[in-house]
Amino acid sequence: MNSQDLLAADTGMGAVTLRVADLDAMTAFYRDGVRLTVLVQEGARVVLGRPAAGGGAVPVAGAVPTGGAVPAGGALDVPVVVLEHEPALRHASPGQAGLFHTAVVFDDRADLAAALYSVATRYPQSFTGSADHLVSNAFYFTDPEGNGVELYWDRDRTEWSWTHGSIDMDTVYIDPNAFLQEHLTAEALEHADARPGRVGHVHLSVGDVAAAKAFYVDTLGFATTAAMGSQALFVSAGGYHHHMAMNTWNSRGAGRRQQALGLGLVRIEVPAVDDLGALTTRMRDAGVQTADDGRTVAFDDPWANRIEVTTAGRG
């Protein structure tokens, strides 16, 4: 693939939208468990997030608190999860494509430990596992409506290893209690909602890995960082271990999704308008139907997972 066909190195992930049946219960999980802060609360829509890394304000369209809770100091400005109340929808049937998990990354292990402690104490039945992936430490949960959630911290890139162009990752058990004993601090726990956090990656359930590669790598412009045969694919921009992943562990052979509770929208943020324009051209040249309002470009992947791409700070 030519470099001009790749997403820019500074590409990142934006907030994930979830369609939910019980808005109050889901808001409580992400607010009181994950320790996100309500940025917007307008009728059937709630946006929750954390501060930008470094504590500086980065305005995000649609995330200005209007008619909802205004965080102290206005510093909490990075949307992580958008909850949209859709009580008429039903849960997807088993085996459908959709969200595998939304992964929230923290700047240090103390902040990760604070979030881990909060979810584990308030929602103990939601914990599903933990792993040292060599590039990161990760803890896994399921929210009250069955959506996967990963909370993680990245090792410095200088500690990552690559073999023949693929990132070296593994799944090594982490004792969550030992992790808490080593890394949890009273300061991190007290100020958890005022500490940085953002969507680090999004992992999808898809019907076919080869089709996922054709779409997300060959057309959209991510680079493959790791692959597990026909089971899973990991892709990124700029040499990150992965911004997105797709697997068929529960969804092999799945077709296009029907409207259901769960994943509503995946957001990708590119650094500049020119990057957005280049992406739009690639998608249209590949015959992908797009919706372009001048600020964002939206389209469906082969399983009708909705993807929206915008410039950083505008999505």
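Let's start with A8, which sits in the segment before strand 1 (12–13). Helices and strands here are DSSP runs numbered from the N terminus, with at least four residues of type H or I for a helix and at least two of type E for a strand. A8 touches A237, P271 and D275, leaving aside residues up to four places away in sequence; contact means heavy atoms within 4.5 Å. The C-alpha atoms of A8 and L276 are separated by 9.7 Å, and these two residues are 268 residues apart along the chain.

Before I go on, a word on what you are looking at. This is a predicted model, in which local features need pLDDT of at least 70 and side-chain atom pairs count only at pLDDT 80 or more, while totals for chains, interfaces and linings use all residues. Residues are numbered from 1 along each chain as its sequence is written, and side-chain values use heavy atoms, with hydrogens and water left out.

Now, on to T17, in strand 2 (residues 16–20). Is T17 buried or exposed? With a relative accessible area of 1%, T17 is buried. For these words, buried means under 20% relative accessible area, exposed means over 50%, and partly exposed is in between, using a 1.4 Å probe and protein chains only. Not counting residues up to four places away in sequence, T17 touches V82, E84, G262, L263, G264, L265 and R267. By contrast, take T17 and T121: they are 104 residues apart along the chain, and their C-alpha atoms are separated by 25 Å.

You will find A52 in the loop between strand 4 (45–50) and strand 5 (78–85), and A52 is buried, at a relative accessible area of 7%. From A52 to L265 it is 213 residues in sequence and 21 Å in space, C-alpha to C-alpha.

Let's turn to the helices. How do helix 1 and helix 2 cross? The axes of helix 1 (residues 23–33) and helix 2 (residues 109–122) come within 8 Å and cross at roughly 135°. Axes are lines fitted to C-alpha atoms, for helices over the stretch in contact, and the angles run from 0 to 180 degrees between N-to-C directions. The two helices are therefore oblique to each other; under 35 degrees would count as roughly parallel, over 145 as roughly antiparallel, 65 to 115 as roughly perpendicular, and the rest is oblique.

Which residues meet there? From helix 1 we have F29, D32 and G33, and they meet A115, S118, V119 and R122 of helix 2. Sorted by class, this contact has three nonpolar, two polar and two charged residues. In that scheme Ala, Val, Leu, Ile, Met, Phe, Trp, Tyr, Cys and Pro are nonpolar, Asp, Glu, Lys and Arg are charged, and the others, Gly among them, are polar.

Keep F29 in mind, as we move to aromatic rings. A search of the whole structure finds eight aromatic pairs. Rings of Phe, Tyr and Trp (its six-membered ring) pair if their centres lie within 6.5 Å, and planes under 30 degrees apart are stacked, over 60 edge-to-face, and the rest tilted. One of these is the edge-to-face pair of F29 and Y123, at 4.9 Å centre to centre and 70° between the planes. F29 belongs to helix 1 and Y123 to the loop between helix 2 and strand 7 (127–132), so this pair ties together parts that are 94 residues apart in sequence. F29 is buried at 1% relative accessibility, whereas Y123 is partly exposed at 23%. Ring pairs also bring in Y30, linking F29, Y30 and Y123 into a cluster.

Another pair is F100 with W249: the ring centres are 5.5 Å apart and the planes are at 70°, so this pair is edge-to-face. F100 is in strand 6 (residues 98–106) and W249 in the loop between strand 15 (244–247) and strand 16 (262–270), 149 residues apart. F100 is partly exposed at 26%, and W249 is partly exposed at 38%.

L134, in the loop between strand 7 and strand 8 (136–142), has a positive phi near 75° in a residue other than glycine. H164, in the loop between strand 10 (162–163) and strand 11 (166–167), has a positive phi near 50°, and H164 is exposed, with a relative accessible area of 81%.
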